[in-house]
Structures are given as C-alpha cells and as structure tokens.
Amino acid sequence: MRNIITTTLAFMALIVISSCTNDVSFLGDEYSQETADLRNLFYDKVVGDWTYKKSTSFSYLEQNYSFQKDGTLKGNILFKKRDSVYVNGIPTLTDWYVVLESDIAGKWDLFYQKSQKKNVLYFDGRGKYGESKFVDFFTANDTILDIWSPLLVNERIKLHRKAL
C-alpha cells in the first residue's frame, strides 16, 4: 500500500512541477510571421491521431491524442504500475493496477514563441489531470510527431501516427 501511495504522490508531483514550468502566455505570438510560417509547414502534418507508449517491467504509460483540423483536441492518458512481491520466498510481479486514467478535451495550435525562440505546440487539454501548456515542438511528418511530453517532466517523445 505504501508503494501505491508513494508512486501516486510522486506522479502527481511531476504533473504539478511540469505545470509550473509551462505558464501559458501568448504575448502576440499567435500573429507573428514565424507562427504563420510554422503553421504553413506543419499544421496539416500534426492533424490526425497519435499515440505514444512506454513500458518497463513495473510501469506502462500510454498517451493518445487526436488533433483535429478545426483546432480541437481529444485524448486519453493511461498510467499503470505493478510491484514485485515475495511469494513463498520467490520474487513475483503483481497484477497491473491503474494509477492514472484520464480523458482530455480542449484545443491545440502551433506557435513560434518569440520570448523563448522556439516552436511550441499549445495544449489546452482539460481533463482530470489536463491543463493548458506549451510543449516544445520539434517536427512532424506522416509517421512521427516529435515533441516534449505534455505529461512527463523533461522527456522528449516521438508519437506515432495511428493507422487508419
């Protein structure tokens, strides 16, 4: 039980810490030429359904996002965990249990953030643990969306386009 509480508190702390570093501020960036250029190059490439999965022996994280052409965002986050316990002196993995599962809905857009001199993907993903934030946007093509994770602290992720 202590492991569950510790893991949950640590995970929630990560979410709080990440939200503090992503204060939402447009400062006119939505009207800049750099933003227009970024949108022209990548907006249509971002549109679609994307997934990211990461697993270890003890944890499983799945992030799914659907970026619609009209700027709406839908998604789901699932985080599961399991522990190693001793049964008759033998280490045994427990069954998976859900630590976090949340649907997300909101808006998205691409911006060039002049103050930071970087391209960002704006998430306005309202859900149980969703929030508004900018995440670094690196590139997108027909199969990969390369961004900083909107969920994990300091982790660059490559989402894969879901097959139709």
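Buried, in this presentation, means under 20% relative accessible area, exposed means over 50%, and partly exposed lies in between, with a 1.4 Å probe and protein chains only. The structure is a predicted model: local features need pLDDT of at least 70, side-chain atom pairs count only at pLDDT 80 or more, and totals for chains, interfaces and linings use all residues. Residues are numbered from 1 along each chain as its sequence is written, and side-chain values use heavy atoms, with hydrogens and water left out.

Let me begin with the chain as a whole. Its secondary structure consists of two helices and 10 strands, where helices (H or I, at least four residues) and strands (E, at least two) are DSSP runs numbered from the N terminus. In sequence order the pattern is α-α-β-β-β-β-β-β-β-β-β-β. Of the 164 residues in the chain, 43% are buried. The accessible surface comes to about 9,500 Å², and carbon and sulfur atoms account for 54% of that surface; these areas come from the Shrake-Rupley method with a 1.4 Å probe, and for residues only the protein chains shown count as cover. A contact means heavy atoms within 4.5 Å. Among contacts between residues at least 6 apart in sequence, 48% join residues at least 24 apart.

I turn next to helix H2, residues 33-46. H2 has 14 residues and spans 19 Å from its first C-alpha to its last, close to the 20 Å expected at 1.5 Å a residue; the expected span is 1.5 Å times one less than the number of residues. Which residues of H2 are buried? They are Thr35, Leu38, Phe42, Tyr43 and Val46. As a general point, an α-helix has 3.6 residues a turn, so residues three or four places apart point the same way. Just after H2, Gly48 takes a positive phi of about 140°.

The next topic is the nonpolar core, a set of buried Ala, Val, Leu, Ile, Met, Phe, Trp, Tyr and Cys residues joined through side-chain atoms within 4.5 Å. The largest such core has 29 residues, and those with the most contacts inside it are Phe67, Trp108, Leu110, Leu121, Phe137, Leu145 and Ile147. Strand S6, residues 97-113, gives the most to this core, with six residues. In general, nonpolar side chains in soluble globular proteins tend to be buried together.

Leaving aside neighbours within four places in sequence, Leu110 is in contact with Thr35, Leu38, Arg39, Phe42, Tyr43, Val46, Val120, Leu121 and Phe137. Leu145 is in strand S9, residues 144-148, and counts as buried because its relative accessibility is 0%. Leu145 and Lys45 are 100 residues apart in sequence, yet 8.5 Å apart in space, C-alpha to C-alpha.

Tyr112 is also found in strand S6. Tyr112 counts as buried because its relative accessibility is 19%. Beyond four places in sequence, Tyr112 touches several residues, including Thr35, Leu38 and Lys117.

Ser66 is in strand S2, residues 59-67, and is buried at 13% relative accessibility. Its side chain is joined to that of Asp49 by a polar contact of 2.6 Å. Tyr52 lies in strand S1, residues 48-55, and is buried, with a relative accessible area of 11%. A polar contact of 3.1 Å joins the side chains of Tyr52 and Glu155.

Finally, I consider backbone geometry in two loops. Most residues other than glycine have a negative phi, and most peptide bonds are trans. Asn88, which is not a glycine, has a positive phi of about 55°. Asn88 is in the loop between strand S4 (84-87) and strand S5 (90-93). Is Asn88 buried or exposed? Asn88 counts as exposed because its relative accessibility is 77%. Lys117 likewise has a positive phi, near 55°, and lies in the loop between S6 and strand S7 (118-127). Lys117 is exposed, with a relative accessible area of 65%.

Key: Polar contact = N/O pair within 3.5 Å; in protein donor to acceptor, adjacent residues only side chain to side chain.
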